[in-house]
Each structure stands twice: as C-alpha cells, then as structure tokens.
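Work through the exercises below with the coordinates open. Each task is followed by a solution in steps.

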Amino acid sequence: MNFLAHLHLASLASSSLVGNLMADYVRGDPLPHWPADIAAGIALHRRLDALTDALPEVRNAKRLFRDSTRRVAPITLDVVWDHFLSRHWDRLVTDQPLPLFLAQAQRQIEPMLPQSPEGFQRLNHYLWRERWMERYAEADYLQQVLRGMASRRPRLAALSDSWTDFHANYSAFETLFWQFYPRLMARAAAQQL
C-alpha cells in the first residue's frame, strides 16, 4: 500500500499517522528510538505491507504485468491502489471529504517532522504542497509519478513502462481493488491488522 492507503487504514485502526507514513524511512526495531505510539504505527505499516502482498487479489494483480515490468509490479501496485482509493474516496468514506482528511493528517504529521528522518522530511515537503494524494485520482498523473520514481532510481527504470500495464488492465485492477480494500477497511476498524 502507499501513502494514502496507509494513512486511511491507520486512521480506521486508531494508529499513529506519523508512524504509518514514516515507516519506510525507519530501519530495525523502532521502539528504542520512537515513542510507543509511533513505534506501534511503524509496526502496523509493516504488518499491513506483508498482509497486502500475500492477498490473492494482489498476487493476481501482479500477473497482469508483462515480463519486462513484473519485477517492479509491487511498487506500481502501491500507486495503483492509492489511485483507486483517491478516485473512489467519496464512496468509501462518506463522512469526510478527502481534502479534509488530508488536512487533518498533515496537521498531525508536521509537528513531528523536525525529529524525523531526513528523507521523510523531504517527502513531506512535496507530498502536501503538491497534493500528491489528491492527484492520485487522475490516472494520467500516475504516469508522471512512476516516471519520476524511475528517474530517481535507475535500477527501477521499468517503473516508467509499468504505467502501460496499469492502463491496459485498468478495469481488472479496479475490480481487484474493490475485492480486497473494503475487507482491509473492516479489519482496520475492528483492530484486526
């Protein structure tokens, strides 16, 4: 899952938004270095990544990629799932518009930035200002996102081409999203992640 899904599921699970968003920037056991609630958020993020990767729907989604892009499919799928969440936010979250949810998340996260990892600070500099998570709803914006990721990490150059797989199999990805994401929401709300 990517930024928006982690924030959304963390909020349903009453977990630290900071910890859930920051998890990819923290190595090893977070407990000695972070307050307990943030460490628990980091742990939730990691459990959610493992759980999602093992879902049959996600395994089926990986098969929709060509041989040349299958290696980067997990990264592309993170962005794809956020696309559908952003696009269908109003159907999934009927009581809070996405801009309001994101504004509240930003207010919780920004006070912690000075003591957070440098890479996480850089991410937040752009994440909120450029409204990435709202723009994920635009299918064409994903092409820009994937190209940007590929340009920053040459060993992931196939990310640029993976947008073609997303575009060609759009309906199938959307169907898979609807099959698993509401289940994750229910598990998060029931504190079962």
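The model is predicted, so to speak of local features a pLDDT of at least 70 is required, side-chain atom pairs count only at pLDDT 80 or more, and totals for chains, interfaces and linings use all residues. Residues are numbered from 1 along each chain as its sequence is written, and side-chain values use heavy atoms, with hydrogens and water left out.

**Exercise 1.** Determine how helix α1 and helix α3 pack, and which residues make the contact.

Step 1. Helices are DSSP runs of H or I with at least four residues, numbered from the N terminus. Here α1 spans residues 3-12 and α3 spans residues 36-54.

Step 2. Axes are lines fitted to C-alpha atoms over the stretch in contact, and angles run from 0 to 180 degrees between N-to-C directions. The angle is about 115°, and the axes are 11 Å apart.

Step 3. The crossing of α1 and α3 is right-handed. A crossing is right-handed if the near helix is turned clockwise from the far one by less than a right angle, and left-handed if anticlockwise.

Step 4. Contact means heavy atoms within 4.5 Å. From α1 the contact uses His6, Leu9 and Ala10; from α3 it uses Leu44, His45, Leu48 and Asp49.

Step 5. These residues divide into four nonpolar, two polar and one charged. The classes are nonpolar (Ala, Val, Leu, Ile, Met, Phe, Trp, Tyr, Cys and Pro), charged (Asp, Glu, Lys and Arg) and polar (the others, Gly among them).

**Exercise 2.** Describe the surroundings of Asn20.

Step 1. Asn20 is in helix α2, residues 17-22.

Step 2. Its relative accessibility is 1%, so Asn20 counts as buried. Buried means under 20% relative accessible area, exposed over 50%, and partly exposed in between (1.4 Å probe, protein chains only).

Step 3. Leaving out residues up to four places away in sequence, Asn20 touches His6, Ala10, Ser15, Gly41, Ile42, Leu44 and His45.

**Exercise 3.** Count the aromatic pairs and classify two of them.

Step 1. Rings of Phe, Tyr and Trp (its six-membered ring) pair if their centres lie within 6.5 Å; planes under 30 degrees apart count as stacked, over 60 as edge-to-face and the rest as tilted. The count by this rule is 17 aromatic pairs.

Step 2. Trp81 and Phe177 have ring centres 6.5 Å apart and planes at 25°, so this pair is stacked. Trp81 is in helix α5 (residues 73-87) and Phe177 in helix α12 (residues 170-189), 96 residues apart. Both Trp81 and Phe177 are buried.

Step 3. Tyr136 and Tyr141 have ring centres 6.3 Å apart and planes at 40°, so this pair is tilted. Tyr136 and Tyr141 are both buried.

**Exercise 4.** Compare the span of helix α10 with the expected span, and find what its buried residues pack against.

Step 1. The expected span is 1.5 Å times one less than the number of residues. Helix α10 (residues 139-152) has 14 residues, for which 20 Å is expected; its first and last C-alpha atoms are 21 Å apart, close to that value.

Step 2. The buried residues of α10 are Tyr141, Leu142, Val145, Leu146, Gly148 and Ala150. They pack against α5, α9 (132-135) and α11 (159-168).

Note on methods: Helices (H or I, at least four residues) and strands (E, at least two) are DSSP runs, numbered from the N terminus.
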